[in-house]
Amino acid sequence: MNLILLGAPGAGKGTQAELLMEKLGIPTISTGNMLREAMREGTELGRKVKHHMDNGLLVPDDVVLDIVRSRVAQPDCARGFILDGYPRNIHQAKSLMELGIPVDHVISIEVPDAIIEARMSGRRVCTKCGASFHVEANPPKVPDTCDFCGAELAQRPDDAPETVRRRLRVYHQETEALKEFYQTLGKLRRVEGNQSIEDANRAILKEIGA
Ligand code: AMP
């Protein structure tokens with residue numbers, strides 16, 4: 001099953017992707033995590049995208065498409081995958097279709113902007129594996145430590161309030177149009193994101209018939 005998770009930054013895509021990955025046994029492809037990893041490792045790709053990422057702007061489409069194209073070709077994606085953070089605009093959605101990659105369900109996790117802004121201040125991300133936590137809603141078992149790999153948690157530079165507002169603007173201007181795009185194709189499933197992580201996850205599983 002190939003899934004796309006849509007939603008504003010901080011809507012809970014990363015958290016839901018991790019739960020779905022466990023329940024469905026298919027990998028998550030998070031373009032944001034892959035780009036952050038490239039920045040941490042200081043690769044050429046990392047240097048190329050740093051300015052866009054730090055300022056909450058979208059990285060050029062061709063750069064992200066290259067990453068997605070090679071990742072979906074890996075053997076662990078043969079039974080399906082969860083796309084978290086791709087596509088981000090209509091052009092990227094069309095590129096996915098041109099690659100011949102079918103999409104079964106597009107899950108839009110819906111959360112009002114005011115709640116997003118409040119949520120982002122408490123988000124913490126693993127500096128090694130990219131897993132996502134929240135100091136109140138989804139705290140790690142040991143403070144500031146990743147439940148999955150034991151590495152240190154940190155706030156993302158692009159979770160600073162001004163950058164969050166810019167990312168929300170980018171979401172409304174470029175990404176939100178994807179809802180209509182996938183609605184027309186009969187793929188869109190809307191899920192209320194302003195509820196507990198477990199309830200949102202149950203709602204997603206129901207929508208995709210899993
Ligand atoms: P995310 O972790 O999904 O919130 O992504 C963090 C940042 O990575 C975004 O603000 C963009 O700078 C970049 N990014 C991630 N995915 C994409 C994408 N599909 N297209 C363009 N930029 C992206």
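Predicted model: local features only at pLDDT ≥ 70, side-chain atom pairs only at ≥ 80, totals over all residues.
With a disulfide taken as a pair of cysteine sulfur atoms within 2.5 Å, the count for the model comes to zero disulfides. For Cys77, the closest cysteine sulfur is that of Cys129, and because the separation is 17 Å, it is too far for a bond. Cys77 is counted as buried, its relative accessibility being 5%. Cys126 has a cysteine sulfur at 3.5 Å, in Cys149, which is the closest to its own and is likewise too far for a bond, since the cut-off for a disulfide lies at 2.5 Å. Cys126 is also buried, with a relative accessible area of 1%.

The helix-helix contact involves helix 6, which spans residues 113-120, and helix 7, which spans residues 161-175. The axes of these two helices come within 10 Å and cross at roughly 140°, and helix 6 and helix 7 are therefore oblique to each other, given that only angles over 145 degrees would count as roughly antiparallel. The crossing in which helix 6 passes helix 7 is right-handed. On the side of helix 6, the contact is made by Asp113, Ile116, Glu117 and Met120, which meet Val164, Arg165, Arg167, Leu168 and His172 of helix 7. Sorted by class, the residues in this contact of helix 6 with helix 7 comprise four nonpolar, one polar and four charged.

Terms used
Residues numbered from 1 in each chain as written. Heavy atoms only, no water. Buried < 20%, exposed > 50% of the residue type's maximum accessible area, 1.4 Å probe, protein only. Axes fitted to C-alpha atoms, helices over the stretch in contact; angles between N-to-C directions. Helix = DSSP H or I, 4+ residues; strand = E, 2+ residues; numbered from the N terminus. Parallel < 35°, antiparallel > 145°, perpendicular 65-115°, else oblique. Left-handed = near helix turned anticlockwise from the far one by under 90°. Contact = heavy atoms within 4.5 Å. Nonpolar A, V, L, I, M, F, W, Y, C, P; charged D, E, K, R; others polar.
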